[in-house]
Amino acid sequence: LTGLFNRRYLTETLERELHRMKRKVGSLGVIMLDLDHFKEVNDSLGHAVGDAILRHAAEQMKQVVGPKDLVARTGGDEFVVITRSDLKGAHLQWLGEQIATAVSTPIKEGDVVAQVGASIGTALAGPKAKTADRLIANADIALYQVKRAGRGGVCAYNSRMRAVAERRLRLLSDLHDAVRMREFIPYFQPQVSMATGHFSGFETLARWRHPKHGIIDPA
């Protein structure tokens, strides 16, 4: 549909480039892009418009990146760029912003004018990003931060993000056990009338009493 490389070719290329980096040849960065609200546009305006948006995003990305860079489509509305230029984090951020701006320009398909935004996560290859999967995962973690913040931005990966993501995964795993082990307890919170100062009732809140971490904050 887009004429871009697929996930398999992307992974193979990343592995080759990481191997080159071990010989200290150049630098490497990954930019992961997800189209904001693409599903809603696709569902409301039809797949023909959705396909046009994907082609438009692909063309815009190819025009922005450098001649040494590679653009791939790895999912329905998910794209990844490998940039092999000599770069630093600031340049990677700048390139991500340029891509986001280009992709977000409106398109006309028949009588319909459509526009979507973009959320972007970036990651530089470092000593701990020894595999293609790890580097892509780092960019994906940064992309998730953008989505949590409301979408439509560019975020660079740092190691603290991985620690937070791993903690969330551990809690999610523990959460399944918590249901089975009946670790949830009810807290009865009084409701007070501001007019009279009298109790008007209670609301019941579920609290998770973790066997290792104690009460887990709702946030």
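Start by selecting Leu-33, which, once its neighbours within four places in sequence are set aside, is in contact (heavy atoms within 4.5 Å) with Asp-77, Glu-78, Phe-79, Ile-99, Val-103, Ala-118, Ser-119 and Ile-120. The model is predicted, so local features need pLDDT of at least 70 and side-chain atom pairs count only at pLDDT 80 or more, while totals for chains, interfaces and linings use all residues. Residues are numbered from 1 along each chain as its sequence is written, and side-chain values use heavy atoms, with hydrogens and water left out.

Next, select Leu-33, Leu-35, Ile-53, Phe-79, Ile-99 and Val-103, which touch the most other members of the largest nonpolar core, a set of 27 residues. Such a core consists of buried Ala, Val, Leu, Ile, Met, Phe, Trp, Tyr and Cys residues joined through side-chain atoms within 4.5 Å, where buried means under 20% relative accessible area with a 1.4 Å probe and protein chains only. Among the elements that each supply at least two residues of this core are β1 (29–36), β3 (78–83) and β6 (117–124), helices being DSSP runs of H or I with at least four residues and strands runs of E with at least two, numbered from the N terminus. The largest share, 7 residues, comes from α3. A second, separate core of 17 residues includes Leu-10, Leu-14, Val-80 and Leu-143.

Now display β8, β9 and β10, which form, in that order, an open sheet of 3 strands with antiparallel pairing (two strands pair if DSSP finds at least two bridges between them). Because β8 (184–192) and β10 (214–216) stand at the edges with a single partner strand each, one side of each is left without a neighbour in the sheet. Between β8 and β9 (residues 199–210) there are 9 bridges, and Phe-184 has Trp-208 of β9 as its bridge partner.

Finally, turn to the largest pocket, whose volume is about 620 Å³. On a 1 Å grid over the protein atoms alone, a pocket is an open set of points with protein on both sides within 12 Å along at least five of seven lines, and lining residues have an atom within 4 Å of a point; points are joined across faces, edges and corners, and the volume is the space filled by probe spheres set on them. Of its 25 lining residues, the closest to its centre are Arg-167, Arg-168, Leu-169, Leu-171 and Leu-172. The largest share of the lining, 10 residues, comes from α6.

Terms used. Buried < 20%, exposed > 50% of the residue type's maximum accessible area, 1.4 Å probe, protein only. 1 Å grid on protein atoms, 1.4 Å probe; cavity = no way out; pocket = protein on both sides within 12 Å on 5 of 7 lines; lining within 4 Å.
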